[in-house]
Amino acid sequence: MKVITLANLKGGSAKTTSTAHLAHAYAAQGKSVLVIDADPQGSSLRWSEQGEWDIPTIALPVKNLHTRLAGIVSPTTDVVLIDTPPLDEHAGIVYSALRAADTIIITMAPTMLEFERLPDVWAAIDEVESLRDDLPNVAVLLNRTITNANSTPMFRDLITDSGHIVLATTIPRRESIAQAFAAPVTDLGKYADAAREIDMLEKIK
Ligand SMILES: Nc1ncnc2c1ncn2[C@@H]1O[C@H](COP(=O)(O)OP(=O)(O)OP(=O)(O)O)[C@@H](O)[C@H]1O
Ligand SMILES: [Mg+2]
């Protein structure tokens, strides 16, 4: 079983959108997927209900998720995706979701506003790593990218130069994704590639 936590410092970085699409991408690979909505806002859970997902989705906005996970997830589950609230609003929940993760995906747009928030995210991950026996895979997934804009390679380089991994796959800004909430997830787009790439991440430290 692989546990993937999606996180960032602030709201609106496409954590929920990415959780929904990656969950469907793994299900499309034939994997047994569980979504845990650790955000008290419950957006992933609402999306799963209104969009009539086949993927089981449970709300668990708790600070001890890392200790409870083993008792919740069935042994036949292949991939658990954890959608989180903003770190700056619910640090306890997010820390727990980071502790539970084999892989941590930081979703962000390639903008200076979002780039400047990264040090706080790395600090939280460092703190969590000191509490763990093993180290998680950590990577940035750039989303809302504009085709052929300089911002994508520019922020990729800035993040890579600071010693962090950026997935080669980026998720373009699309009206179909912006309007995807609450509907069935039928168009995986680049998220299918992102799911495969996340699977191939190796331990980085
Ligand atoms: N690739 C994309 N193209 C266009 N719009 C997008 C894309 N990805 C996400 N969005 C939009 O960006 C907004 C924020 O996305 P989302 O709700 O997934 O963020 P979040 O990180 O889960 O936010 P919160 O912390 O408030 O839960 C939404 O309106 C969503 O539709
Ligand atoms: Mg969300």
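What you have here is a predicted model, where local features need pLDDT of at least 70, side-chain atom pairs count only at pLDDT 80 or more, and totals for chains, interfaces and linings use all residues. Residues are numbered from 1 along each chain as its sequence is written, chains are lettered from A and ligands numbered from 1 in the order in which they are written, and side-chain values use heavy atoms, with hydrogens and water left out.

**Two helices that pack**

Helices (H or I, at least four residues) and strands (E, at least two) are DSSP runs, numbered from the N terminus. Two packed helices are described by the angle between their axes and the distance between the axes. Take helix 4 (residues 91-100) and helix 6 (residues 118-129): they pack at an angle of about 60 degrees, and their axes are 10 Å apart. For that, axes are lines fitted to C-alpha atoms, for helices over the stretch in contact, and angles run from 0 to 180 degrees between N-to-C directions. Helix 4 and helix 6 are therefore oblique to each other; angles under 35 degrees count as roughly parallel, over 145 as roughly antiparallel, 65 to 115 as roughly perpendicular and the rest as oblique.

Which residues meet here? From helix 4 come Tyr95, Leu98 and Arg99, and from helix 6 Ala124, Ile125, Glu127 and Val128. Sorted by class, the contact of helix 4 with helix 6 has 5 nonpolar, no polar and 2 charged residues. In this sorting, Ala, Val, Leu, Ile, Met, Phe, Trp, Tyr, Cys and Pro count as nonpolar, Asp, Glu, Lys and Arg as charged, and the others, Gly among them, as polar. Contact itself means heavy atoms within 4.5 Å.

**Rings that pair up**

Rings of Phe, Tyr and Trp (its six-membered ring) pair if their centres lie within 6.5 Å; planes under 30 degrees apart count as stacked, over 60 as edge-to-face and the rest as tilted. The count by this rule is 3 aromatic pairs. Phe115 and Phe155 make a tilted one, with 5.7 Å centre to centre and 55 degrees between the planes. Phe115 sits in helix 5 (residues 112-115) and Phe155 in helix 7 (residues 151-161), so this pair ties together parts that are 40 residues apart in sequence. Elsewhere, ring pairs join Trp47, Trp53 and Phe181 into a cluster.

**Buried or exposed?**

Buried means under 20% relative accessible area, exposed over 50%, and partly exposed in between (1.4 Å probe, protein chains only).

| Residue | Relative accessible area | Class |
|---|---|---|
| Phe115 | 19% | buried |
| Phe155 | 4% | buried |
| His24 | 13% | buried |
| Ser48 | 9% | buried |
| Ala14 | 17% | buried |
| Asn148 | 76% | exposed |

His24 belongs to helix 1 (residues 15-28). Not counting residues up to four places away in sequence, His24 touches Trp53, Ile55, Val185 and Leu188. Ser48 is part of helix 2 (residues 43-50), and, leaving aside neighbours within four places in sequence, Ser48 is in contact with Trp53 and Thr57. Ser48 and Ala182 are 134 residues apart in sequence, yet 7.2 Å apart in space, C-alpha to C-alpha.

**Two positive phi angles**

Most residues other than glycine have a negative phi. Ala14, though not a glycine, has a positive phi of about 80 degrees; Ala14 lies in the loop between strand 1 (2-7) and helix 1. Asn148 has a positive phi too, near 70 degrees, and Asn148 is found in the loop between strand 6 (137-145) and helix 7.
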